[in-house]
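This report describes a single protein chain. The sections below take up selected residues, the core, the aromatic contacts, the pocket and the overall fold.

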Amino acid sequence: MSVACLTSKFHVIVVADEIESFFNVLLHGAVTRIPHNLEHRMTEVMQYFNGYIYEDGMKTCGMVKMAAMQEGAFKIGGKCLKFTDNMPLNALIEELCRWFKARYEVLEYQRESDKAAGTVSDEQRSPADDT
């Protein structure tokens, strides 16, 4: 699931969320099957997929996944994930992470703009508002 979906129960799923979900499946398959520089830290790597924060009675996005999307890089202990002898996969992951970082910067800007203008975004609206 995308960070946006995991952090807002009212988030409407869009194509960007589906691309992020595809990225998560690709990344999981890669880190569990292809040699990489963080193999000695697999417990921490897997926190990207399995980690969560319990907030307001519900599970939300974990810190590793949120940090990867906000920083635009998959890092553990300050080291970026790199697959051994697989430059195309490394380039794809780096590029997608940059896209996700840009997306979350835009979403944050929109959230702040809506808040300053006193309007309610789709993510802040409750289902009861639609009736």
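Leaving out residues up to four places away in sequence, N90 touches L81, K82 and F83. All of these values are computed from a predicted model.

I93 is also placed in helix 5. Its relative accessibility is 6%, so I93 counts as buried. Residues up to four places away in sequence again aside, I93 touches F23, L27 and F83. V3 is 90 residues from I93 in sequence, and the C-alpha atoms of the two are 16 Å apart in space.

## The nonpolar core

In soluble globular proteins, nonpolar side chains tend to be buried together. Here, the largest nonpolar core comprises 25 residues. Within this core, the residues with the most contacts are F23, L27, V31, Y48, M69 and F74. At least two core residues come from each of helix 1 (3-7), helix 2 (15-33), helix 3 (42-50), helix 4 (63-71) and helix 5 (87-117). Helix 5 contributes the most, with seven residues.

When neighbours within four places in sequence are set aside, the contacts of Y48 are F23, N24, L27, V64, K65, A68, M69 and F74.

## Aromatic pairs and charges over rings

How many aromatic pairs does the model contain? The count comes to three. In one of them, the ring centres of F23 and F100 are 5.2 Å apart and the planes stand at 65°; since an angle over 60 degrees is classed as edge-to-face, so is this pair. F23 is in helix 2 and F100 is in helix 5, so the pair ties together parts of the chain that are 77 residues apart in sequence. F23 counts as buried because its relative accessibility is 1%. F100 likewise counts as buried, because its relative accessibility is 3%.

Y48 and F49 form another edge-to-face pair, with 4.9 Å from centre to centre and 80° between the planes. Ring pairs join Y48, F49 and F74 into a cluster. Y48 also has a charged residue over its face: K65 lies there at 5.4 Å from the ring centre. A further arrangement of this kind involves Y52, with K59 over the face of the ring at 4.5 Å from its centre.

## The largest pocket

The largest pocket holds about 320 Å³ of space. Its lining is made up of 13 residues, and T7, S8, E55, D56 and T60 lie nearest the centre. Strand 1 (52-55) and strand 2 (58-61) each supply at least two lining residues. Strand 2 gives the most to the lining, with three residues.

## Positive phi angles in two loops

Two aspartates are of interest for their backbone angles. D56, among the residues nearest the centre of the largest pocket, lies in the loop between strand 1 and strand 2. Although D56 is not a glycine, its phi is positive, at about 50°. D56 counts as exposed because its relative accessibility is 76%, against a cut-off of over 50%.

D85 lies in the loop between strand 4 (79-80) and helix 5. Its phi is also positive, at about 55°, although D85 is not a glycine. With a relative accessibility of 79%, D85 is therefore counted as exposed.

## Overall fold

The chain contains five helices and four strands. From the N terminus on, these elements run in the order α-α-α-β-β-α-β-β-α. Taken along the principal axes, the C-alpha atoms fill a box of roughly 55 × 30 × 25 Å.

Of the 131 residues in the chain, 33% are buried. Among contacts between residues at least 6 apart in sequence, 59% join residues at least 24 apart.

How values were computed. Residues numbered from 1 in each chain as written. Predicted model: local features only at pLDDT ≥ 70, side-chain atom pairs only at ≥ 80, totals over all residues. Heavy atoms only, no water. Core = buried A, V, L, I, M, F, W, Y, C linked by side-chain atoms within 4.5 Å. Buried < 20%, exposed > 50% of the residue type's maximum accessible area, 1.4 Å probe, protein only. Contact = heavy atoms within 4.5 Å. Phe/Tyr/Trp six-rings, centres within 6.5 Å; stacked < 30°, edge-to-face > 60°. Lys NZ or Arg CZ within 6 Å of the ring centre and 35° of its normal. 1 Å grid on protein atoms, 1.4 Å probe; cavity = no way out; pocket = protein on both sides within 12 Å on 5 of 7 lines; lining within 4 Å. Points joined across faces, edges and corners; volume = space filled by probe spheres on them.
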